[in-house]
Amino acid sequence: MDMYPKYTSPFGYQTGVGGIDTYGVNHNNFSLRDEIEYQFARQKRENQLMQQYNNQGITENYPQYTTNFWGNSANNYGFGMTNIAGNIENMQTTNQPQIQPRIWETSTDGKQIYDDFVKIEGDYKPQDQNILEYSSSAIRAIPSMVNNYVNLRNANLTDKYKHAMMNCNAAQYGQGGADIARMASNAKEFYDTTTGANTLDSSQGDQYANKIGRLLGSKYPNGDCNELVQRYIQKHW
């Protein structure tokens with residue numbers, strides 16, 4: 001369905017010819033509802049990419065994407081099978097290159113794992129919120145962190161998994177939730193190091209798990225944090 005024949009997005013999207021757009025998606029079997037849903041989802045994904053590049057100081061001449069925009073799939077990238085938005089969300093969480101889930105203790109090891117993680121996920125930042133959205137997300141994130149702390153504190157799970165989970169769930173509420181998680185994590189690590197409950201080096205290692213959790217929660221607000229975190233951090237000892 002050739003709805004936008006003359007439009008080219010900042011990342012090079014066009015409807016293409018023969019019903020196949022320049023991102024490699026075949027629209028020929030799309031219903032009108034599929035087409036509208038796809039275009040909204042594509043625009044949302046492009047806006048996320050634009051913000052990532054803007055955070056890096058790139059505000060024009062963005063990279064031009066082709067079929068690598070959605071990843072590789074033999075089934076039309078999962079589109080045209082109803083629930084297009086859900087398929088896109090699923091692809092963003094499952095079509096990523098994988099690294100072996102790990103745990104660490106030292107800050108040096110934590111930094112190396114975090115650097116590997118960022119190469120895959122990108123240095124994603126939470127999308128801006130207005131003051132009401134920000135306040136709401138921060139308020140909703142607080143009980144989430146408290147519940148996670150109570151439920152995970154004595155669980156026989158790796159410490160880094162616990163750190164990442166608490167931050168991931170809070171960050172899924174938005175920018176305010178991510179900031180609350182960051183402030184709470186910083187306060188916890190400060191308390192632990194000043195009271196001798198943790199060494200400075202080990203505490204810095206914990207902070208890399210906190211960062212991984214916040215990035216995942218911000219990037220995948222509808223994702224399963226348990227599943228997301230386990231892609232990078234070992235859950236069980």
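1. Helix H7 (residues 200–219) is mostly covered, with 16 of its 20 residues buried, where buried means under 20% relative accessible area, exposed over 50%, and partly exposed in between (1.4 Å probe, protein chains only). Helices here are DSSP runs of H or I of at least four residues, numbered from the N terminus. The end C-alpha atoms of H7 are 29 Å apart, which agrees with the 28 Å that its 20 residues should span at 1.5 Å a residue, the expected span being 1.5 Å times one less than the number of residues.

2. This is a predicted model, in which local features need pLDDT of at least 70 and side-chain atom pairs count only at pLDDT 80 or more, while totals for chains, interfaces and linings use all residues. Residues are numbered from 1 along each chain as its sequence is written, and side-chain values use heavy atoms, with hydrogens and water left out.

3. Within H7, aspartate 206 is buried, at a relative accessible area of 3%. Its side chain is joined to that of lysine 160 by a polar contact of 3.0 Å (a pair of N or O atoms within 3.5 Å; within protein, one must be able to donate a hydrogen and the other to accept it, and residues adjacent in sequence count only if both atoms are side-chain atoms). Leaving aside neighbours within four places in sequence, aspartate 206 is in contact with Asp159, Lys160, His163, Glu189 and Asn198, contact meaning heavy atoms within 4.5 Å.

4. Helix H3 (residues 107–121) has 15 residues and reaches 20 Å from its first C-alpha to its last, close to the 21 Å expected at 1.5 Å a residue. The buried residues of H3, among them Ile113, Tyr114, Phe117 and Ile120, pack against H7. Just after H3, glycine 122 takes a positive phi of about 85°.

5. Most residues other than glycine have a negative phi. Asparagine 61 is found in the loop between helix H1 (32–55) and helix H2 (84–94), and it is exposed, with a relative accessible area of 72%.

6. In helix H4 (residues 131–152), tyrosine 149 is partly exposed, with a relative accessible area of 35%. Together with Ile142, Val146 and Val150, Tyr149 makes a nonpolar surface patch of about 340 Å².

Methods:
Helix = DSSP H or I, 4+ residues; strand = E, 2+ residues; numbered from the N terminus. Patch = residues over 30% accessible without salt bridge, like charges linked within 9 Å, V, L, I, M, F, W, Y side chains within 5 Å. Areas by Shrake-Rupley, 256 points an atom, 1.4 Å probe, with all protein chains shown as cover. Salt bridge = Lys/Arg side-chain N within 4 Å of Asp/Glu carboxyl O.
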